[in-house]
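Subject: Structure handover

Hello,

Please read them with the model open.

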Amino acid sequence: MTKDDRVELAARNNARWCHTMCRAHGLTGSFTPDAWTSARRTPPLYPDAVTLTPDARAADVLARADTAAPGASVKDSYAVLDLAPAGFAVLFEAQWLHRPAHAAAVPAPAGPRWERVTTEAELAGWADAWDGGQGLAHLFRPELLRDAETAVLAARGPSGAPVAGAVVTADGTAAGVSNLFTTDGDPDTAWAGGLAAVDRLWPGAPVVGYEHGDDLAAAVRQGLAPAGPLRVWLSAA
């Protein structure tokens, strides 16, 4: 699999997760060969467009997304677009991550076993732990629990409250890990536990995602490889 193939796999899986999150909020996104886009403003932290090929043209992508309301953003999956002339600035840069299918399974670390969140009450507790008081727990609506491609995973401490967790988008092409968190500040243990759960629940699936900073370094230490850069642009309006 080439570098571009790995990026495309990760970008399409991530776009599928963005589509699912939007659908949980009553929004309908659209897939075309070059990009996923939403004609209405997406929930906080979620882009209005995700490019799917390196040939996507900025004007075409922006024309299909909601760029009028404040806070429009575009995930430039190949880090090749220049959206500055359209009034955007780079919010952050990151790396797509990839682990090939049938890679050696990650041994489960010592500590709580990661399991699926299955009830609305469990999801609310998971969202509070993920949020850490930022006021965004409402993003994770009960509709997500009914999506066949989405699994919310949690590791629970002695009190029963989540101490780590992640979302996995298992769309039949890959297991995409996103929203990985830990309440103890140890991303290595969180990645190890999350990957062990992925290996158990979706054996043999390639694993994809994206990270930056310390979380990127932790993911790489746990066996994922950087596949290529991405860039998120935010409207300055």
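The largest cavity is lined by A10, N13, N14, W17, W96, T169, G176, V177, S178, V208, G209 and Y210. A cavity here is a set of points, on a 1 Å grid over the protein atoms alone, where a 1.4 Å probe fits but cannot get out, and lining residues have an atom within 4 Å of a point. This is a predicted model, in which local features need pLDDT of at least 70 and side-chain atom pairs count only at pLDDT 80 or more, while totals for chains, interfaces and linings use all residues. Residues are numbered from 1 along each chain as its sequence is written, and side-chain values use heavy atoms, with hydrogens and water left out.

The volume of the largest cavity is about 60 Å³, a volume being the space filled by probe spheres set on the grid points, which are joined across faces, edges and corners. The count of cavities of 30 Å³ or more comes to one. Helix α1 gives the most to the lining of this cavity, with four residues; α1, β9 and β10 each supply at least two. Helices (H or I, at least four residues) and strands (E, at least two) are DSSP runs, numbered from the N terminus. By class, the cavity lining has six nonpolar, six polar and no charged residues. Ala, Val, Leu, Ile, Met, Phe, Trp, Tyr, Cys and Pro count as nonpolar, Asp, Glu, Lys and Arg as charged, and the others, Gly among them, as polar.

The largest pocket holds about 940 Å³ of space. A pocket is an open set of points with protein on both sides within 12 Å along at least five of seven lines. Its lining has 33 residues, of which L45, F92, W130, N179 and Y210 lie nearest the centre. Two or more lining residues come from each of α1, β4 (73–76), β5 (88–99), α3 (120–131), β9 (175–182), β10 (207–211) and β11 (225–235). β9 gives the most, six residues. The pocket lining divides into 18 nonpolar, nine polar and six charged residues.

Next, the cores. The largest nonpolar core has 37 residues, and W126 and F140 touch the most other members. Such a core is a set of buried Ala, Val, Leu, Ile, Met, Phe, Trp, Tyr and Cys residues joined through side-chain atoms within 4.5 Å; buried means under 20% relative accessible area, exposed over 50%, and partly exposed in between (1.4 Å probe, protein chains only). The largest share of this core, 10 residues, comes from α1. Not counting residues up to four places away in sequence, F140 touches W17, M21, Y46, L123, W126, A127, W130, V167 and N179, contact meaning heavy atoms within 4.5 Å. A second, separate core of 25 residues includes A166, V168, V207 and L224.

H19 sits in helix α1 (residues 3–24) and counts as buried because its relative accessibility is 10%. Leaving out residues up to four places away in sequence, H19 touches G29, F31 and W36.

In helix α5 (residues 213–221), the buried residues are L216, A218 and A219. Seen down the axis of α5, they fall within an arc of 165 degrees, so they line one face of the helix; the arc is that of the directions from the helix axis to the C-beta atoms. D214 and R221 are exposed on the other side of α5. The cover over the buried residues includes β5, α4 (187–201) and β10. After α5 comes G223, whose phi is positive, near 110 degrees.

Regards
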